[in-house]
Amino acid sequence: MKLETLATKPKLVTVTVDDEKIVEAYGEPLEFHIYDRHSMDTFMKLAALEGDSSVGDIGTLVGDMILDEKGNKVLVDGNVLPIDVMLKVIEVVVKRLGNSVTQTLETSVQS
C-alpha cells in the first residue's frame, strides 16, 4: 500500500454520548461532532496532558475539538457544558482519538 492512500483530509464525524446516566439526566443521547483525525501536534498535546496535567487542561484541549454539524466550535463566547457532560465528552473524545488502529482500518476499508 502506498502511504499517500492513508493521507486524507480530516472528516467531520458524529459522536454520540449514550451513557445510561447521561440519557437518564438529559432525556436522550447527546450528539456532537469531531474530526476523525488530528495533527500529530494535537495528538501529542493530548498525550502529554494525560499524565501530570489537570482535568481542566484536558478539558480545554478537548473543548476546542467539540464541534457542531457544520464544524464550528460549540464552546465559544463563555459557553460551558455541565460537568457531568464535559467529563463524559472528554472520556469519549480521548478514547476515540487514542484508537489509531480504528482510523487505519476504516481508511483501508474505504479504499
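Does Lys 88 count as buried or exposed, and at what relative accessibility? At 16% relative accessibility, Lys 88 counts as buried; buried means under 20% relative accessible area, exposed over 50% and partly exposed in between, with a 1.4 Å probe and protein chains only.

Before I continue, a word on the basis. This is a predicted model, in which local features need pLDDT of at least 70 and side-chain atom pairs count only at pLDDT 80 or more, while totals for chains, interfaces and linings use all residues. Residues are numbered from 1 along each chain as its sequence is written, and side-chain values use heavy atoms, leaving out hydrogens and water.

Let me turn to the salt bridges, of which the structure holds three; the criterion is a side-chain nitrogen of Lys or Arg within 4 Å of a carboxyl oxygen of Asp or Glu. Lys 88 pairs with Asp 19, the closest N and O atoms being 3.3 Å apart. That pair links distant parts of the chain, 69 residues apart: Asp 19 is in the loop between β1 and α1, and Lys 88 is in helix α4. Asp 19 counts as partly exposed, at 27% relative accessibility. Glu 91 also forms a salt bridge with Lys 88, again with 3.3 Å between the closest N and O atoms. Glu 91 is partly exposed, with a relative accessible area of 45%. Through shared partners, salt bridges join Asp 19, Lys 88 and Glu 91 into one network.

Elsewhere, the side chains of Asp 64 and Lys 73 meet in a salt bridge at 3.8 Å, N to O. Asp 64 is partly exposed at 41%, and Lys 73 is partly exposed at 43%.

Technical notes
Helices (H or I, at least four residues) and strands (E, at least two) are DSSP runs, numbered from the N terminus.
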